[in-house]
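Please study the sequence and the model shown here before reading on.

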Amino acid sequence: MQGAGANRRGPVGRRGVVAGLLTAGLWPRSLAAASLAKPPLGVKTWLRTAEQLPLALPFDYVGIHTDHGLGGPTPKPTYPYDAVRSHDADDGSGKPVLQWANIEVAPGAYNWRALDAWIAANPGKTRIFVLCGCPVFYQKYPGEPWPYPDLPGGGSPPKDVGAAARFISAIVRRYPGKIHFVEPWNEPNFAAGRRRPFEDRWGPWMGKPGFFTGTAGELAGMARAIRGALPADVRLMIGAWEGQDGEAGLGNSLVRFAHAPDGGGGFGRDHAQALSVHSYTYHNDPNKMIAELLGYEARFREAGFQPGLPRYVSECGVEAPEFWTAERPSIEMKVRCIKRWFMIPAALGYLGVYLYKHSIMRTLGDPAREPRISEAIGEMRRQLSGSIVRQAAELADGSIWLAFSDGRALQA
């Protein structure tokens, strides 16, 4: 049985907004001492020590990207999951159907068919709605190249940030209690920026299309407008997209957004209620995720985000130098990667991981049709969702080890 009560083991809330680090007052000293465990091998790197507060994982820790229910051949997942993100959902034709331009077909006129179907296909799940794909009639920078060529200019911000706020307001009114996070744009990188950090943008001169073609200041203004349109039970999620873990200073797009004036007397960072990162595995080495997530933590501090904001890996899968096929790498390597994609963020304080994606072989091993992949995802949900992580380490053999407050341990 799926759902919040299917795996209940402790004082953990349904969603990440009420999970996280347990305070000393909620963590009895006797229980803390009893929960200490000894790693089965030597420790290469401690990821969570006994001196740190335990981490309570929410019951919606395991998330995916999925197209089922929207048409086409994508089957419904056979494995349990509790959260879903809207980006790149399509109806089987390979074209996204949940972009802003697909829903708002004329100013103030909406086609809800695909979003209705996506909501219905994922009942009871935590949902991230990604605002991406500006309609032609709102585009500030119209007609510029975009990764989705059917919508030229789709990476543009709207001329009036109020258009984005009105669109999101229409969504949360139509689906009360069914959208839990709104994420303004997917991977909104900016151009160089060190001389004009808040005005430079990713335009056609960059040589390849970017997801977002506005400036850091324009994204900060959108964040302010959208945050003002959200009810109390919907949180604004700010993305620290893949590759933003490294460079410090105003060459870093995340930092620039955070420090950019929002047009209302504040800054981009003021509107963040949750943080989102993307982490893809290269060379089939999932342990590099450790350094990447620690790098994100350094950028969050540099950006000046409010300490303690809930953090999520909202996209996770495999990337270059080669994608997965049915034959390569081995199924054992694929399963090892998937398990560590869930375990490493849990060790480092993240409250959810969203795999990309259910119906794709090349980035996830096709869990829709490969039972050993779906079994690995299901095992991670059974082991992690609703659990309290007491200790965690990367061991001498490269495996990841977690110890839980109920005496269990997990190694992969």
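In which loop does Pro321 lie? Pro321 is located in the loop between β12 (311-318) and α8. Helices (H or I, at least four residues) and strands (E, at least two) are DSSP runs, numbered from the N terminus. The model is a predicted one, in which local features need pLDDT of at least 70 and side-chain atom pairs count only at pLDDT 80 or more, while totals for chains, interfaces and linings use all residues. Residues are numbered from 1 along each chain as its sequence is written, and side-chain values use heavy atoms, with hydrogens and water left out.

Most residues other than glycine have a negative phi, and most peptide bonds are trans. Pro321 is joined to Ala320 by a cis peptide bond, with omega about 5°. Another cis peptide bond links Arg328 and Pro329, with omega about -10°, and Pro329 also belongs to the loop between β12 and α8. In the loop between β11 (274-281) and α7, one finds His283, whose phi is positive, near 60°. Asn284, found in the loop between β11 and α7, has a positive phi of about 55° although it is not a glycine.

The interior comes next. In soluble globular proteins, nonpolar side chains tend to be buried together. A nonpolar core is a set of buried Ala, Val, Leu, Ile, Met, Phe, Trp, Tyr and Cys residues joined through side-chain atoms within 4.5 Å; buried means under 20% relative accessible area, exposed over 50%, and partly exposed in between (1.4 Å probe, protein chains only). The largest nonpolar core has 110 residues, of which Leu115, Ile168 and Phe305 touch the most other members. Helix α8 gives the most to this core, with 10 residues. Leu115 is among the buried residues of helix α3 (residues 113-121). The buried residues of α3 pack against β5 (83-85), α2 (100-103), β8 (126-131) and α4, where contact means heavy atoms within 4.5 Å.

Finally, consider two helices. The axes of α7 (residues 288-303) and α8 (residues 331-347) come within 10 Å and cross at roughly 35°; axes are lines fitted to C-alpha atoms, for helices over the stretch in contact, and angles run from 0 to 180 degrees between N-to-C directions. Met289, Ile290 and Leu293 of α7 make this contact with Arg340, Trp341, Ile344 and Pro345 of α8.
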